[in-house]
Amino acid sequence: MTEGADADASLALAKLANRWRLSQRQLDQLANILSVLESSERAPTTVREPVEAIDTHLADSLVALDLDAVRAAQTVADMGSGAGFPGLALAVALGECRVSLIESQDRKCAFLGRAISRAVIDNARIVCVRVEQWAEGTSANDVVTARALGSQPVVLEYAAPLLRLGGTLVDWRGKRDEQEERRAGVAAEELGLRLVAIERVQPFAAARARHLHLYEKVMDTPQRFPRRAGMARKRPLGG
């Protein structure tokens, strides 16, 4: 990274820290995550340059801190963590919260391990299994997060078994899709979830059509869920 780009990244990080009232230690942790992204040619994302990654990954993840449910969470499960977002960023911001990064691919789990080690994120752990097979997480999480994971009915089916009663799914979405939202509504009813809100957010200046979809777990999820691995995508709920 050039000297000018380094200065731009430092300024962007400082603005992010000011917005979310992050400490110097938290700021350093985020900077170390960016360093791992930039230096790892096999990082599981095409956005690795720090200035762009601050917006695309960090700011987009931390915007969930506006939600009371996220701020109050003691346990968070981040489904399909990939390069670690939003899970790693939220783990840094919520130092007293235990964050489980669920990722089924060994290569991505190895990357997450390097990032956690480099940034010294003690409250994050890697769960290297398919989300449907994580029995330990059943009904154990205050918040479940998903970002660019799949269609909304699929995300709801993955998330519902992991939430405690009263827990919240936060699903990152772009432009709203009326047809998919209708299918998600049908799936939610079957899974014991209820749509609470669809919040339009602008995590950074250039962000357009960003939405956080919030679902609350209002009833126990039927015991037939989760279905066996792959079925949620093969035969999604809601038609």
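How many helices and how many strands are there in the protein? There are nine helices and seven strands, where helices (H or I, at least four residues) and strands (E, at least two) are DSSP runs numbered from the N terminus. The model shown in these views is predicted: local features need pLDDT of at least 70, side-chain atom pairs count only at pLDDT 80 or more, and totals for chains, interfaces and linings use all residues. Residues are numbered from 1 along each chain as its sequence is written, and side-chain values use heavy atoms, with hydrogens and water left out.

**View 1. The whole protein.** Let's start with the overall fold. Along the principal axes, the C-alpha atoms fill a box of roughly 55 × 35 × 30 Å. Buried residues account for 52% of the 239; buried means under 20% relative accessible area, exposed over 50%, and partly exposed in between (1.4 Å probe, protein chains only). Of the contacts (heavy atoms within 4.5 Å) between residues at least 6 apart in sequence, 70% join residues at least 24 apart.

**View 2. The disulfide of Cys109 and Cys128.** A search of the whole structure finds one disulfide, meaning a pair of cysteine sulfur atoms within 2.5 Å. The sulfur atoms of Cys109 and Cys128 are 2.3 Å apart, and the link is right-handed, with 105° about the S-S bond. This pair ties together distant parts of the chain, 19 residues apart: Cys109 sits in helix 6 (residues 106-119), and Cys128 in the loop between strand 3 (124-127) and strand 4 (141-147). Cys109 is buried at 8% relative accessible area, whereas Cys128 is partly exposed at 34%. Cys97 is in no disulfide, and the nearest cysteine sulfur, that of Cys109, is 19 Å away. Cys97 is buried, with a relative accessible area of 2%.

View 3. A nonpolar core is a set of buried Ala, Val, Leu, Ile, Met, Phe, Trp, Tyr and Cys residues joined through side-chain atoms within 4.5 Å. The largest has 53 residues, and Leu58, Leu62, Val70 and Ile121 touch the most other members. Among the elements giving this core two or more residues are helix 1 (3-20), helix 2 (24-39), strand 5 (163-173) and strand 7 (210-217). Beyond its neighbours within four places in sequence, Ile121 contacts Gln29, Ile33, Leu88, Ala91, Val92 and Ile116. A second, separate core has 27 residues, including Val131 and Leu193.

View 4. Lys108 belongs to helix 6. Although buried, Lys108 has no salt bridge, and Glu103, the nearest side chain of opposite charge, is 4.6 Å away. A salt bridge is a side-chain nitrogen of Lys or Arg within 4 Å of a carboxyl oxygen of Asp or Glu; Lys and Arg count as positive and Asp and Glu as negative, while His and the chain ends are not counted. Not counting residues up to four places away in sequence, Lys108 touches Pro44, Gly82 and Glu103.

**View 5. Thr56 in helix 3.** Thr56 lies in helix 3 and is partly exposed, at 22% relative accessibility. Setting aside neighbours within four places in sequence, Thr56 contacts Val47, Arg147 and Phe204. The C-alpha atoms of Thr56 and Ala206 are separated by 9.9 Å, with the two residues 150 apart along the chain.
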